[in-house]
Amino acid sequence: MRTKRSTPWLYLGAALAVLAFFLIYPSINTIYLSFFGRNSEKFVGASNYVYAFTNRTMLTALRNNILWVVVFTPLTVFLGLILAVMLDRVKYETTVKFIIFIPMAISFVGASVIWKFVYAYRPPLASQIGLLNAFLGVLHFPPLPWLIKRPWINNLSLIGVGVWVWTGFCMVILSASYKALPRQLLEAARIDGANEWKVFWKVIFPLMMPTITVLITTQLITVLKVFDIVYVMTNGNFGTEVIANRMYKEMFNFRNFGRASTIAVVLLLLVLPMMLINLKRFRERRG
Amino acid sequence: MIKERITRSISRMPLHIIIILIALTWILPTIGILVTSFRFPHDVATSGWWTIFKNLFNSRQYTLENYTTVITQCGIGRAFLNSFIITIPATVLPILIASFAAYAFAWMGFPGRQSLFIILVALLVVPLQMTLIPILRVFNQLGLSGTFPGIWLAHTGYGLPLAVYLLHNSIAGLPGELFDSAEIDGASPTYIFFWLVLPLCLPVIASLAIFQFLWVWNDLLVALVYLGGTPDVAPVTVQVSSLVGSYGQEWELLTAAVFISIIPPLILFFSLQRYFVRGILAGSIKG
C-alpha cells in the first residue's frame with residue numbers, strides 16, 4: 001500500500017510503546033536484577049542462582065513443577081483425546097462437552113474453592129461434608145486429608161484441580177481436529193479387520209499427532225506457570241510449593257527482589273524451549 | 001435383527017457408563033457449591049450438601065442469607081463492582097491499540113517489520129513473572145500501584161501481543177484488491193481502517209474481547225501484585241482468596257462468594273458459546 005513514511009509509525013506507536021514498557025524493558029531489567037541482592041543494591045554474582053538450585057524449598061518447588069508437568073500435561077491431553085473420540089459416538093455429545101467445558105469459564109480461584117470443598121476433611125467418626133471423604137466412608141475407608149498428606153496425595157490433589165479446569169480445553173481442540181479426519185480412512189481400517197483399539201492407536205492417534213504436539217506445548221507453558229491453585233489451596237505448605245508461588249513469596253513475604261527475579265528467570269528458561277518451537281513453527285508457516 | 005440391536009447396545013454399555021461417570025465428576029463439584037451457598041450454616045457444618053436430595057422440595061432448608069452476608073459484610077459486593085471497573089477498560093484498551101498495530105503490520109511496508117513481528121511472537125510466551133518487579137517499582141514511583149489506571153495499563157501490556165498476533169492474522173487474510181480499489185477511490189489509510197478493516201474483523205474482535213474479558217476477570221496474580229490487596233480496589237478473585245484465609249471453614253459464605261464471582265463468566269459462556277470457544281482456541285498460546 002502506498003502511504004507516507006511516517007504513517008506506519010503512527011499506527012504502531014502506542015503498541016510499541018506499551019510492549020517496550022510492559023514487556024521488553026522489565027524482562028531485561030529482571031535478568032539484570034537477578035544478579036543483585038535483596039534491595040538490588042549489591043552485586044552478588046550468581047549466588048541467587050546457587051540459592052535457586054540448592055535451597056530445600058526451591059528444590060521441592062522444582063520437583064513439584066516437574067510432577068505437574070509429567071502428570072497434568074499427558075492427563076489433560078489424553079483425557080481430552082479419549083473424550084473427543086468417545087463423545088463422537090454418542091447422541092448426547094453436545095451436552096457432555098458443555099459440562100466438561102464449563103470449568104474453563106471459572107477462575108482458578110473459583111475452581112480452587114470448589115475443590116477445597118470436595119476435598120474437605122473431618123476426623124474419622126465425624127460426619128464428612130466433603131464429597132470425596134464421604135465417598136470413602138461409603139466404601140468403609142477412613143477419610144483422607146487430601147491437601148495435607150504429603151508428598152504425593154496432596155500434590156496430586158492440586159494437579160487434579162488443574163486437570164478439571166483444562167481437560168475441556170484439550171477436548172474442544174482435539175474434537176475439532178478429530179472431526180476433520182478423513183472418515184474413509186477409519187472405515188477402511190475397520191473393513192480390513194482392525195478392532196476399535198487398533199484403529200485408535202494405529203490410525204487416529206498418528207493422524208492427530210500434529211494437533212497433539214501443539215497442544216502439548218501450550219499445556220506445558222500453562223503448567224509451568226501454575227500459581228493460583230497452589231496459592232489459594234495450600235499456599236505451598238505441606239510440601240506443595242511451586243516455582244511461581246515461590247517467586248510471589250520471595251517478592252512480597254520476604255521482600256527479596258534479587259531472589260524473586262532469579263526465580264522469574266528460571267521460569268523463563270523453562271519456557272524458552274516452547275518459545276523456540278513457536279518461533280520455528282511461525283517461520284515455517286511464513287517460509 | 002432385534003437380537004443384533006440388543007447385543008450392540010449391551011456392548012456399548014461400558015462406553016455410556018464411562019462417559020456418564022466422567023460427566024458426573026465434572027459437574028458435581030460445581031453443583032456442590034451452588035447447593036451449599038443456599039443452605040443454613042448449621043446444616044452446612046453438620047451434613048453433606050447431598051443430603052438435601054432426601055427432601056429436595058422442602059423449601060425451609062434453603063436461605064438467601066449467605067448471599068446478603070457476603071455482599072454486604074465480606075466485601076464481595078464492592079469487589080464485584082471493582083472487577084467490572086477493572087475488566088472493561090482492560091478489555092477495550094488492548095484491542096483498540098492492537099488493531100491499529102495489526103493493520104500496520106499487515107498492510108504497510110516499513111523497515112524492521114519482519115523482525116518486530118518475530119519479537120512479538122516471542123513475547124507471546126514470556127511469563128509475566130518476568131515483568132512484575134520492575135513494573136511494580138515504576139508504578140510505586142508514579143503512584144500507579146493500587147490504582148485502577150495502573151492495572152488497566154498492566155493488562156493492556158499483557159494482552160497486547162496476543163491481540164496484535166490474532167488481529168494481524170485476520171487482517172492479513174483480507175483480500176488485497178479491497179485495499180487497492182479503496183485507494184483508487186481516494187480513501188485514506190484512516191478511512192480504510194475504520195470503515196473497511198474494523199467492520200470486517202468484527203468476529204475476531206468479538207472472540208478476542210470475550211477472551212480478554214475472561215482473562216482479566218479471572219486473573220489473580222496481576223491484581224495481587226499491582227493492587228496490593230487494598231480492599232477498595234480489590235477484584236473478586238483477590239477478595240475470594242482472602243476470604244479463604246479468614247473464613248476457611250464457613251463454607252456457606254465461601255461458596256456464595258465463589259458463585260457470585262463466576263456468574264459473569266458463566267453468563268458470557270452460556271450466551272456466546274460459539275465466540276467463547278473460538279476465543280479460547282485462539283488464546284491458547286497466551287503467555
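A residue counts as buried if 20 or more other C-beta atoms lie within 10 Å of its own, exposed if 12 or fewer, and partly exposed in between, with C-beta atoms placed from the backbone.

First, the ground rules. This is a predicted model, where local features need pLDDT of at least 70, side-chain atom pairs count only at pLDDT 80 or more, and totals for chains, interfaces and linings use all residues. Residues are numbered from 1 along each chain as its sequence is written, and chains are lettered from A and ligands numbered from 1 in the order in which they are written. Helices are DSSP runs of H or I, at least four residues, numbered from the N terminus.

Now α4(A), residues 93-101. Which residues are buried there? V96(A), I100(A) and F101(A). They sit on the same side of α4(A), because their arc around the axis is only 130°; that arc is taken over the directions from the helix axis to the C-beta atoms. In general, an α-helix has 3.6 residues a turn, so residues three or four places apart point the same way. Turn to the face away from the buried side, and you find T94(A) and T95(A), both exposed. The cover over the buried residues includes α3 (56-87) and α7 (152-179) of chain A, together with α2 of chain B.

That brings us to the interface. Chain B puts in 74 residues and chain A puts in 71. Contact here means C-beta atoms, placed from the backbone, within 7 Å. On the side of chain B, helix α2 (residues 13-36) gives the most, with 14 residues. By class, that side has 55 nonpolar, 18 polar and 1 charged residues. Nonpolar means Ala, Val, Leu, Ile, Met, Phe, Trp, Tyr, Cys and Pro; charged means Asp, Glu, Lys and Arg; the others, Gly among them, are polar.

Next, a helix pair within chain B. The axes of α11 (residues 202-218) and α14 (residues 251-271) come within 10 Å and cross at roughly 160°. Axes are lines fitted to C-alpha atoms, over the stretch in contact, with angles from 0 to 180 degrees between N-to-C directions. The two are therefore roughly antiparallel, the word for angles over 145 degrees. From α11(B), I210(B), F213(B), L214(B), W217(B) and N218(B) meet P264(B), P265(B) and L268(B) of α14(B). That contact has 7 nonpolar, 1 polar and no charged residues.

Last stop: I192(B), in helix α10 (residues 189-200) of chain B. I192(B) is partly exposed, with 19 other C-beta atoms within 10 Å.

Note on methods. Angles under 35 degrees count as roughly parallel, over 145 as roughly antiparallel, 65 to 115 as roughly perpendicular and the rest as oblique. Two residues are in contact if their C-beta atoms, placed from the backbone, lie within 7 Å.
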